[in-house]
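Thanks for opening this one up with me. Below are some notes to read beside the model, taken point by point.

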Amino acid sequence: MSPAEEPVIVIVPGLRDHVADHWQTLLAERLAEAGRTVRTVPPLTEDALSRAARVAALDKVVSEAGAPVVLVAHSAGVITTVHWAHQSTAQVRGALLATPPDFDTPLPEGYPTPEALREKGWTPVPRSPLPFPAVVAASADDPLGSAERVAALAGDWGAALVELGEVGHLNPASGYGPWPRAEELLREVEAG
C-alpha cells in the first residue's frame with residue numbers, strides 16, 4: 001500500500017479517555033513515528049458520559065480526516081464506534097475493536113451503572129452488522145465483558161473474533177502498556 005493509499009488511523013479511546021501508558025496511546029505514537037497519519041478522538045470537556053457527545057466527537061475526527069479511515073477502538077470506544085457506524089456514511093476500510101464492554105450487564109464497582117448508561121444513551125447497544133470489516137479482540141477474563149457475551153457481539157456485528165487469552169481488560173491495570181499484537185491485527189484489518 002503506497003502512502004497515498006494508506007488510510008488515516010483513528011484512535012477511539014474508552015470512557016477513561018487518554019492514558020499516557022495505554023496501548024492505544026503508545027500505538028498512535030509508534031504509527032506517527034513510522035510516518036502514518038493518526039488522529040485521536042479528543043477527551044470530552046463536558047458531559048463525558050454522553051454517548052451522543054462521544055459519537056459526535058468521533059464523527060468530527062473522521063470528517064476532518066478527509067480520507068478513508070481505519071478505526072482502532074478500545075472498551076467503550078468500541079461501543080461509541082458501533083453506535084457511530086450505524087448512522088455514518090463515512091469511508092471506513094475496517095476497524096480493530098478491542099475488549100468491548102458488555103453494557104447490558106452490570107459493570108464492576110467504579111464503572112457507570114446500567115441506569116446511568118441507559119440515561120446517557122449507551123443502551124441498547126446496536127447488534128446489527130457493521131457496514132465495514134472489523135476484528136473484535138476479546139479477553140478470556142475481561143471483568144467488563146465475558147468471553148461469551150463479547151463473542152456474541154462480534155457475531156452480531158459480522159466481525160472476526162480474535163481470542164487473546166487472559167489479558168484482563170487490556171489496559172494498564174491489567175499490565176498492558178505496550179500491546180505489540182495491536183500492530184499485527186491492524187495490518188490484518190488494513191489488508192482486508
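1. A polar contact here is a pair of N or O atoms within 3.5 Å; within protein, one must be able to donate a hydrogen and the other to accept it, and residues adjacent in sequence count only if both atoms are side-chain atoms. With that in hand, look at R54: its side chain reaches the backbone oxygen of A48 at 2.8 Å and the backbone oxygen of L15 at 3.4 Å.

2. A word on the ground rules. This is a predicted model, where local features need pLDDT of at least 70 and side-chain atom pairs count only at pLDDT 80 or more, while totals for chains, interfaces and linings use all residues. Residues are numbered from 1 along each chain as its sequence is written, and side-chain values use heavy atoms, with hydrogens and water left out.

3. Where does R54 sit? R54 belongs to helix α2 (residues 51–65); helices (H or I, at least four residues) and strands (E, at least two) are DSSP runs, numbered from the N terminus. R54 is buried, at a relative accessible area of 6%; buried means under 20%, exposed over 50% and partly exposed in between, using a 1.4 Å probe and protein chains only. Leaving aside residues up to four places away in sequence, R54 touches G14, L15, D17, L44, A48, T80 and W122, where contact means heavy atoms within 4.5 Å.

4. How do α2 and α3 pack? Helix α3 covers residues 76–85, and the angle between α2 and α3 is about 75 degrees, with their axes 9 Å apart. Axes are lines fitted to C-alpha atoms, for helices over the stretch in contact, and angles run from 0 to 180 degrees between N-to-C directions. The two helices α2 and α3 are therefore roughly perpendicular, a label for 65 to 115 degrees; under 35 counts as roughly parallel, over 145 as roughly antiparallel and the rest as oblique. On the α2 side, R51, R54, V55, L58, D59 and V62 meet T80, T81, H83 and W84 of α3.

5. Now the sheet. Six strands make an open sheet, ordered β2-β1-β3-β4-β5-β6, with parallel pairing; two strands pair if DSSP finds at least two bridges between them. The edges are β2 (38–40) and β6 (160–163), each with a single partner strand, so one side of each has no neighbour in the sheet. From one strand to the next, the twist averages 20 degrees.

6. Inside that sheet, β3 (residues 69–74) and β4 (residues 92–98) run parallel and are joined by six bridges. L71 has A95 as its bridge partner in β4, and H74 stands opposite A98. α3 packs on the sheet too, touching β1, β3 and β4, and its direction makes about 135 degrees with that of β3. Six of the seven residues of β4 are buried.

7. Most residues other than glycine have a negative phi, and most peptide bonds are trans. T99, in the loop between β4 and α4, has a positive phi of about 40 degrees and is buried at 1% relative accessibility. L170, in the loop between β6 and α6 (181–191), has a positive phi of about 55 degrees and is buried at 0%. The peptide bond from T123 to P124 is cis, with omega near 0 degrees; P124 is placed in the loop between α4 (114–119) and β5 (134–138).
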